[in-house]
Amino acid sequence: NQRKNLKMLREEGKKTSTFPLSTKSLALGADSLVMICKWEPQITLLKMLPYLGAGRRFVLYSEYIEPLVRTRELLEEKKMAIGVRVVDTWLRKYQVLPGRTHPMMRMNGRGGFLLYGTKVENNLRKE
């Protein structure tokens, strides 16, 4: 299944102007990591974090809060990141008219959730 996903990513990369993922390009290191998750992001994040430099930021987006909360707990338990937060991305639009301002009456209340943090090195030596 992972091979199928990588093959699909490479094909998508050929269709667009972005370059396909490769170990050579990842080995150069990354300054940041941005992921959009439909389901559980832990496995993918754990595979991608080694390519992210220490002190670098990462962010994950998900439509649901539960996978991000589980990911936050995993990162804190393994001491892989600091400042890990899960926030709601709900944005309220306002109608501004002369003499009055109020929220739009018909709004979609779902915007998704973000998990963000800073990667730390986890190679502390025991003395």
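Ser62 stands opposite Phe113 in S6. Strands (E, at least two residues) and helices (H or I, at least four) are DSSP runs, numbered from the N terminus. This is a predicted model: local features need pLDDT of at least 70, side-chain atom pairs count only at pLDDT 80 or more, and totals for chains, interfaces and linings use all residues. Residues are numbered from 1 along each chain as its sequence is written, and side-chain values use heavy atoms, with hydrogens and water left out.

### Overall layout

The protein has four helices and six strands. Read from the N terminus, the elements go α-α-β-α-β-α-β-β-β-β. The protein has 127 residues, and 21% of them count as buried. Buried means under 20% relative accessible area, exposed means over 50%, and partly exposed lies in between (1.4 Å probe, protein chains only).

Contact means heavy atoms within 4.5 Å. Among contacts with a separation of 6 or more, 68% are between residues 24 or more positions apart.

### The sheet

Which strands form the open sheet, and in what order? Four strands form it, in the order S1-S2-S6-S3, with mixed pairing. S1 and S3 are the edge strands, each pairing on one side only. From one strand to the next, the twist averages 10 degrees. Two strands pair if DSSP finds at least two bridges between them. The table gives the two pairings of S6.

| Pair | Sense | Bridges |
|---|---|---|
| S2 and S6 | antiparallel | six |
| S3 and S6 | antiparallel | six |

S6 is mostly covered: five of its seven residues are buried. Helix H4 lies across S2, S3 and S6. H4 runs at about 170 degrees to S3. Axes are lines fitted to C-alpha atoms, for helices over the stretch in contact, and angles run from 0 to 180 degrees between N-to-C directions.

### The nonpolar core

A nonpolar core is a set of buried Ala, Val, Leu, Ile, Met, Phe, Trp, Tyr and Cys residues joined through side-chain atoms within 4.5 Å. The largest one holds 15 residues. Leu45, Leu49, Phe58, Leu60, Leu75 and Leu115 touch the most other members. S1 (30-37), S2 (52-62), H4 (66-77), S3 (81-88) and S6 (113-119) each supply at least two residues of this core. In soluble globular proteins, nonpolar side chains tend to be buried together.

What does Leu45 touch, not counting residues up to four places away in sequence? Leu45 touches Leu33, Met35, Leu60, Thr71 and Leu75.

Thr118 sits in strand S6. Why does Thr118 count as buried? Its relative accessibility is 15%, under the 20% cut-off. The side chain of Thr118 makes a polar contact with the side chain of Arg57 at 3.4 Å. A polar contact is a pair of N or O atoms within 3.5 Å; within protein, one must be able to donate a hydrogen and the other to accept it, and residues adjacent in sequence count only if both atoms are side-chain atoms. Leaving aside neighbours within four places in sequence, Thr118 is in contact with Gly55, Arg56, Arg57, Phe58, Met80, Ala81 and Ile82.

Gln42 lies in helix H3 (residues 42-48). Gln42 counts as buried because its relative accessibility is 15%. Not counting residues up to four places away in sequence, Gln42 touches Pro67, Arg70, Thr71 and Leu74.
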